[in-house]
Each structure stands twice: as structure tokens, then as C-alpha cells.
Amino acid sequence: MEQNKTAISVKNKAIFLVSFFVVLLCVLFFIQGRRLHGEAIDRILEQRCDSADLIINSIGEYSYGPFKKRIVNMLENNDEIVKAFAARNRDMLYQVALPKYQALQHENSEFYVMHFHLPDGTTFLRIHWPDFHGDDLKQVRPIVQAVHQRQVQLSAYEIGRRGIFYRIVQPVFDDAGTYVGALEFGINIDYQFEAIRRQTNAKVALYVDAERWDKANSSSHDDFHQVGDYMVHGEDSEIFDLLPAGYNFSESGSIIQTKKDISYLIHSHDYLKNFMGHEIGGILLLHDISQILEEKAVFIRNFLIFSLFLLTFTILTLWFSFESLIGRLESSKFHLKKVVAKLRDENLAREHVENALLENEKKSHDLLENITHGIVLVNADYIISKVNSAIGRMCGKDEYDFLGKFCYQELRQRTSVCPDCPGKLAMETGNSHTIRWSREKKNEGELIVKKTAFPLPVKNNKPTGFVLILEDLTEQQQAEKSLYKFKHIVDASQDHLSFVSSNYVLDLVNKAYLCAHKKEFEEVAGRSMAEIYGDKVFFQSAKKHIDSALAGSLVRCQYWYEYPDLGLRYMDEVYSPYVQEDGEVRGIVISSRDITRQKMVESQLRKYENIVSASRDHMSFVDRDYVYKAVNDAYLRDSQKSREEIVGHSVASLLGEDIFETTVKSKIDQALQGKDIHYEEWFFFPRIGWSCREVHYYPFYDDNRMVSGLVVNSRDITERKEMERSIQQMQKKEALATLASGIAHDFNNILGAIIGCTEMSLLDMPQDDNSFKHILQANKAAYRARNLVKRILSFSRQKEGTLKDIKLIPLINETLDMVRVTLPPTVETRVFIETDKDVMVGDESAIQQMILNLFTNAAQAIGEKEGLLLVGLARVAAGDIEINEKKKKGPYLCLTVSDTGCGIEPNLWDRIFDPYFSNKGVSEGTGLGLAIVQNIVKNHGGMLTFDSMSGKGTTMKVFLPCHNERILLEKGVEAGYDKDLYDI
């Protein structure tokens, strides 16, 4: 009775304990399973959203990217459009631009707007609406106003009178580089909206800010309705009406449910941005996730049912089986003594078997010696009782060294029975067992052996031992290892690898392929390519590549492919022929690599490269070893070097050791320490000569936030520096002119007193007086001084120019008299006048300034050494000089100024008329002299030529129209003269 109570108590405790652990394991398994299932669903939803973002960005780039280049190419390749726009000829512009507009509309039906804008913000011509022009768009087209200000191409989305358009605005310049206005392309986004809906297979809606829509859109659109602060336009308005009233369209992840129990995941993409980067709307996608949520509910329900069934079954099983189990445990004590006795009998039987084995030992020895495999006889205690000579050769030991020793010590060098011992298993099961075993064979490398154990006859229900047969598999195992390594390498590859036989059957694939396609090996192996991918994909795409590879060609292609979990991916695929030893192609190896990220990075990189290449600043990247790693086109163009001559070379080798050590190195070192460095310095470039640069060094941080190099941005500020210096020089000249004018006035008063006193003295003095001659000379000198003062006053007055008849001969003599007083005595001047018809029409002050600049340049070229300044004036016919069609056909006055000075180097001939260019010292010139001369001559309808030889001198020739041949323009005497053009 007491034994039964104890059994019942043990039974209840066991049932309770086991039931508790079963319930605990079910709960933990349920929680873990639900979590893993939820994470898998979240990854699927996230991949859908990422795939939709990629599709939207790709469609936007491919839809509008080509138009950015088309608008530039249209202006560069159609001069008649630019000329008509610059001339403000609306009819001609419409006539030449209309075919281009129709061609663009034929290519893309959503292309709608071709619009020419004037710099003042008004409309010049709408090709799509030619009768409506002249309206002010300053407030309506902010992107156009931005292009007028910046004069660079801009593109962005914008809400207009007729809806949402993608606008591309390109600045337009005439042949002289003058900005004449802007050209606008406008593309309707409906096509893009439909393409997104079709490729994402989701319900798509367009949303825009309601306030922007009401202010900018003057037309009513019934297909837009308001949801909160946004206007929404979608294919299924009833579903979008389920959105909460205050829904934030910039967030994603919400789930809504329709009356038909269809659940949608909301995903928003802030796609529509204006040219300033401000969001004006976006794309809203509703992904149908009803099936996913239903699968999740089914999973939870089935799991709960399974857990309850498992728990009930366990409790019932324990309840009905524990009672008999405990009873059997009690009865096992009784049988234990019988088992011990039986074991003693078996030991006696084993002794008899061993005696029999000893009797047959001699017979078996001869048989064992003739077997090539190693034979080992082991007793039940794992002691070696017999070996043949083959085992000695195999292990590199004498065969007698094995006898009487444990098999696991001699064969495996272990201190206990091997866990995988085939002999142990053979004795326990009564069947043969085989394993592979390896060990280091002395001086011969690794020994690989196949061990097969056969049980010896059982004596007294006890095993007596086993026979171990060792087969040398070293060479076979090495081959198998090589094959396994190769298979491991193939399976470790992230590329999708497969082998296709010549009959288009897929024989082998690696793990990456199976994971990407969510299939098991048995589902694809032995099946045809058409069966796996479908007839359409196989016959339209894959088959032609496979046939080319089977013909012996290496084929490579790239394409988009949608995988079950990965979504839409861009793949790089290579078809390689598999050629056997007989030279025949028996199949192909297909390698597919996912280059989606590379494709996106390359696309983004091309954008950055275009931005950097378009910059006129010098941009480069220098690493920590002061070596150039990248440069932009502007740097290459000005340095007149190829990219290979700069990239990979040190900064010192490009700039020179002196400049690098004294100017650049210390600043680079500071930037490499994390500082932003800014300085100004003069550098020499082969194409542009000396240039003052504003240089910025920006540290470049790698992924570990360490400075791995620096970005160098160098901007040309030479013109600004020259302008600042020229302004200072002009201010000095104005001050000197004012001072000279004041001194001249005072000096003129003194001369008036001298002239008056000398004339009165001459009246009172007889002519035969000795002093009369001296006073007369003083009076003449005072008159010459007064004329000189008048010329100084006339030249120093800054009056507006007026056109009148000018006699050049007196003007040349007067100006030469002014220059002579500044010339050293070593310089001789000569004048050759070959005509008396020296009248022309022009601004006397400007002509005198031109002559003075030519004389001054000639005098400075001679310097302090001996030299000759020659001035000539002649009348020439138009046929004796080279003139273009726009020049006058009548005779010209030719003013020639020659010197015997230093001359001009041939490499400077193209630049001597550039403003602020000078090869003189800093204190010797401003670089404006010849630029002013050229503009004065041009504005008087003339021409300017020169001839120079280094070290021999220079000759300047100015051709000015004669008086009786001048042609006046429509607005009277102001023809051919614009003071602003030479008043630099």
C-alpha cells in the first residue's frame, strides 16, 4: 500500500513538472515564432517601399533627364533660334522654333510648354500659345526669375495655371556672350504618374500642398479633392477618403482598411520639389497587404491550435503511461540479478571463442598477409590481438608494435575509446560500420583511411570483439577535398551561378541562386530554362544568349529582374561556354551579379561629375601623401595637361618645389589636421598665364571620421584684383587731373600777369633798346605756356563727348608737343604728313586720348635708351586695305605710330588688346591703354592693325573714315559713337 502511494505521488509530480515545461516551451516558441514571422513581414513591406522609391526615382530621371540635354543641344545647334530671339523677332522665332516643338511633342505627348522669357520677367513667345504674350510672370515663374539672376540651367517641379509641370529653364546667350533671355520646357507629369502606377502595381495618388495649389492654380480640377492640408488626385478616390483628416503625407507606414476588408499600407514619397529644394507635393502609394495580414492571422491561429493539442496529448500520455512505467522500474530490480548471472555465462562463452581463435591463428595469418588492406583484430576490450603486415606499411611502423595495445592508442593516439569507433558500434548492433579516418604519417603527409568494422561472433550474448579493415583512401580523399573546396567556393559566392546543359536544362546552381529565387535544389535541378523562367523570358531574351555561348562566344548582358524577396534588381550576367577536353562545348556557366547599388551609385556619381566638370573653378582631391587623386576639366584646361599627367603625381611636381614648400605645404598640413584653409595667391598656368586664385582647402573625412585627404577649390579672382587696382589707378588719375586743373588755373593767372607786364613794357620801350629783345622773348614764352595750360585744362576736364569735324594734323601736333616734354633726350620724334585732307567726324577728346595712348605706349617701349618715334598721316582708299562688309567703302585716314623699342613677343599678340593685360611692371601701366584705343577706333567706325618684332619695335596703324564718307545712323549725329564702350 505504501509502495502504491509513493508511485502515485511520483506520478503526479512527474505529470505536473513535464506539463509545466511543455506549457513554458509552447509559450516561448509561440512568442519567438510570432516575432520572427512579424520581422519577415516587416522586411517584405520595407522591400516593397524601397523598390517603389527606386522605381519612382528611376522614372523621374529617365523621363526628364534627356530634356535637360535636348534644350542645350537645340540652342547650340540652331543658331537661327538664338538670333531670332536676340533680335526680338517674334514671327521669325515662332517660324524656326515650331518644328522643334512639334518634334518634341511627337516624341513625348506629355511635352507641352516651349516658352521664351525676356530678362525683365515678361513673356516674349509661347510656342504652344503664340497669341498670348507680353504678360508679366515675375510672381508666377520664380524658377525663371532665378535663371535670369544666375544665368545657369535650372529644373524642378512647379505648380502652374494648368497643373503640375516639370520645368527646365535654360539661359540663352547670343554670339557675343550677352544674355538675351531664357527658354523654358514644360512637361506634364501625368505620364510619369501613370508609369509609377503601372510599375509599382499599387494604387497611386498625387498630393500637393493645398495652399500652394489654391494660390498658383487658376483652373479648377474636379479630379483633385482635399484631405487635410493637401489636395489629392488618385485612381481610387474612395480609398484615399479613408485617410485621417489630419494625415501627415510626409510619413509612411500607416495601414488603412476599406469596407471590403482590404488592407493597404501607406507609403509616401516626397517627390515633387521646386528649384529651391522645397517640397510642394509627392507620390502616395497604397500597397495591398491584405493577403500578408491574413497569412499572419492564420499563422497565429494554427500555432495556438497546435500548442493546445500538444499540451493535451502530453498530459494524457503521461497520465496513462507513468503508472505502468513506474511498475516496470520496480520489477527491473528483480531481473537485475538474472542479468548479472547471464553476463558471467557470456564471459565463459567468450573464453571458449578466444581459444578457438587461437587455434585458427596460424591459418588466418597466411590469409591476412596476402590482403592489401590493413587488417586488425580487436577484442571486446579494444586491445589489438592481430594485425597483418599491410597495417604496418600503412602506418609506417612494425606490425608487432601493435600487438597487445589499445587500438585507439596506436591508430588514433587517444587515451580512451573513440566516440566514433566503428568497432564499438559493430559490437553493439551486430552489423558492420564504416568511418573515414586520417592521421599524419611520418615524413609522408596526411594518411586518409576508410575503416570498416565487422563484429566477431557473440558468445554468451556478449560481443567478443571485431575485425577492423583499413583501406587507404588518401588519393581519393584528396580528390574529394578538392571537389568539396571548389563546391564551397561556388556556394560562398554572392553571385548567382548555374550550369546549363546543351539542351537548355538547368543541372547545377549555387546557394546564392537558390536563396534569391526562394527555391530548393530539387525544384530547379533537371528542369528546362523555359519551365523555370517562362516561355516569354526564355525565347525573347535568354535563348539567344545561351545559343551564342554554346557556339563558343562569351556573352555579357545587363537587365532588370524581379526576385521574390529582393524585388526589382539590376543584374550583370555573363554566359561562359563550358569546353571539355575534346574541345566540344557541352554546356554553359551563367554568372549573375547584383549591381543595383553600383548602378545607383554610378548614376549619382555621373551627376556629381557633371556638376564638378561644369564648374569653372579648379577642383581637385589630394591625399595625405600630397598626391593628386582627382581633378576637374577646368584644371586640365588651364594647365594644358592630360588627366594622366596630373592624377598620381605629387603637388610639388606640378606646382614646383619652391612654391610647394614656401606657400602650399604648411596650409595642406593644417587642412589635414581638420581645419578649413582659405588664402589668395598668384599661380602661373600655361593657357591663361599668371592668375590670382582664391584657394580653399576642405578636409575630407573617411568612414572612420579620419582625415584621409583634402578637397581643393581654386577660383580665379584675377579680374577682380585687376579691377580693384585699376579703380585705384583711375581714382589717382582723377585726383591728379583735379590737382592739375587747379594748378593750371593758378598758373594761368600768373601767366596773365606776366603777359600783361611784358606787353606794357614793350609799348613803353623803344625797339632799339637792348632789353626789348629779351622782354619780347619772355612774352612769346608766356604765350606758349598759356597754350600748354589750355591743353592741360582741356584734357583734364571730364566732359561728355560730342561729335564734330576734327582736323587730325593740329591734334597730332598738339598731342605730340605734350608728350615731348616727358620724353628723355635720347628719344627722337619725327612726323610725316602725306595729305592735307585730314578732316573726320568724331569726339575730339576721345581721338586725342587715343593718340596720346599710342604715343605713350611707343615712348614706354623705347624707355631710356636711344630710339626713334615716328608719326605719320596718310589718306588711303578702301580697296587698299582689308575690310569686312560692315565697314564703309570710302577713303580712310591712316594714322601710323612706330617705335624702335623692345617689340611684342609673338605669344602675346592675341592678348595685347585685353583689358588689364600688361607685360610691364606693376608701376608702369594698368593694361587699359590699347583696350581703350581699340574701343575708340571701333566706335568711330575705324580699324586697328599692328606689326611687331621682338627687339626691333612695333608699328600701330589706325584707319579712320574721312569726313565726306561717313555714314550716319538713324538717330542723327550720334552714329558710331558710344562713350561707355571706351570709357573703361
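These questions and answers cover the fold, sheets, helices and selected residues of a predicted model.

Residues are numbered from 1 along each chain as its sequence is written, and side-chain values use heavy atoms, with hydrogens and water left out. Because the model is predicted, local features need pLDDT of at least 70 and side-chain atom pairs count only at pLDDT 80 or more, while totals for chains, interfaces and linings use all residues.

Reader: How many helices and strands does the protein chain have?
Author: Helices (H or I, at least four residues) and strands (E, at least two) are DSSP runs, numbered from the N terminus. Counted in this way, the protein chain has 27 helices and 34 strands.

Reader: What share of the residues of the protein chain counts as buried?
Author: Buried means under 20% relative accessible area, exposed over 50%, and partly exposed in between, with a 1.4 Å probe and protein chains only. The protein chain has 984 residues, and the buried share of them is 40%.

Reader: What share of the contacts with a separation of 6 or more comes from residues 24 or more positions apart?
Author: A contact means heavy atoms within 4.5 Å. Among contacts in the protein chain with a separation of 6 or more, the share from residues 24 or more positions apart is 56%.

Reader: Which residue of strand E5 is the bridge partner of Met-114?
Author: Two strands pair if DSSP finds at least two bridges between them. Strand E1 (residues 111–117), with six of its seven residues buried, pairs with E5 (residues 179–188) in the antiparallel sense over six bridges. In E5, the bridge partner of Met-114 is Phe-185.

Reader: Which residue in the hairpin of E1 and E2 takes a positive phi near 95°?
Author: E1 is joined to strand E2 (residues 123–126) by three bridges, and the two run antiparallel. His-117 has Thr-123 in E2 as its bridge partner. The hairpin has five residues between the strands, and the one with a positive phi near 95° is Gly-121.

Reader: Where in helix H3 does the kink lie?
Author: H3 (residues 90–107) has 18 residues and reaches 25 Å from its first C-alpha to its last, close to the 26 Å expected at 1.5 Å a residue; the expected span is 1.5 Å times one less than the number of residues. The bend at a residue is the angle between axes fitted to the seven residues ending there and the seven starting there. The buried residues of H3 are Leu-93, Val-96, Ala-97, Tyr-101 and Leu-104. The kink of about 35° comes shortly before the proline Pro-99, at Ala-97.

Reader: Is Tyr-382 buried or exposed?
Author: Tyr-382 sits in the loop between strand E12 (374–379) and strand E13 (384–387). Its phi is positive, about 65°, although Tyr-382 is not a glycine. Because its relative accessibility is 13%, Tyr-382 counts as buried.

Reader: What is the relative accessible area of Thr-815?
Author: Thr-815 is found in helix H24 (residues 808–820). Not counting residues up to four places away in sequence, Thr-815 touches Gln-848, Ile-851, Leu-852 and Phe-855. Thr-815 is buried, with a relative accessible area of 1%.
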